[in-house]
Amino acid sequence: MNDLIEKLDPEIDCDKEGCGYTEKTKYELLKEFINKRCPKCGSNLLTLDDYLDMVQVVDFVDNLNTLLSPLIKDEPETDEGTVIYVKMHNGKNIANN
Ligand SMILES: [Zn+2]
């Protein structure tokens, strides 16, 4: 069964202006990035607050998928949809570009 909201692998982005460092990871490995220094500029890659906010978003998505699963259980899986990016830092930005 497919989920209404599919979670793609998270990406750690350095927030220091002009740095541009990014690293793909898995949700189960995010905790390892808490207070880890950017290998390019030395900035903090993931604060504890940002990590805890991300955990709340992921829990919300999981709960929403569970609640809505009876509505889509017989629907065929497709690649249709809209990608929404959630950036957990200074304002919890959400964008679909
Ligand atoms: Zn950096």
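**Figure 1. L8 in the segment before β1.** L8 counts as exposed because its C-beta has 10 C-beta neighbours inside 10 Å. L8 lies in the segment before β1 (11-13). In sequence L8 and Y27 are 19 residues apart, and their C-alpha atoms are 9.1 Å apart in space. The model is predicted: local features need pLDDT of at least 70, side-chain atom pairs count only at pLDDT 80 or more, and totals for chains, interfaces and linings use all residues. Residues are numbered from 1 along each chain as its sequence is written.

**Figure 2. The protein chain as a whole.** One helix and four strands are found in the protein chain, and along the sequence they follow the pattern β-β-α-β-β. Helices (H or I, at least four residues) and strands (E, at least two) are DSSP runs, numbered from the N terminus. Of the 97 residues in the protein chain, 5% are buried. Among contacts between residues at least 6 apart in sequence, 42% join residues at least 24 apart. Two residues are in contact if their C-beta atoms, placed from the backbone, lie within 7 Å.

**Figure 3. C38 in the loop between β2 and α1.** C38 is found in the loop that runs between β2 (22-24) and α1 (48-72). C38 is partly exposed, because 18 other C-beta atoms lie within 10 Å. Leaving aside residues up to four places away in sequence, C38 touches C14, K16, C19, Y21, S43 and L45. One of these, Y21, is 17 residues from C38 in sequence, with 7.4 Å from C-alpha to C-alpha.

**Figure 4. N35 and its backbone angle.** N35 is placed in the loop between β2 and α1. The phi of N35 is positive, at about 60 degrees, although N35 is not a glycine. N35 is exposed, because 10 other C-beta atoms lie within 10 Å.

**Figure 5. Helix α1 and its bend at T66.** α1 has 25 residues and reaches 35 Å from its first C-alpha to its last, close to the 36 Å expected at 1.5 Å a residue. The expected span is 1.5 Å times one less than the number of residues in the helix. At T66, α1 bends by about 35 degrees, and a proline, P70, follows within four residues. The bend at a residue is the angle between axes fitted to the seven residues ending there and the seven starting there.

Terms used:
A residue is buried if 20 or more other C-beta atoms lie within 10 Å of its own, exposed if 12 or fewer, and partly exposed in between; C-beta atoms are placed from the backbone.
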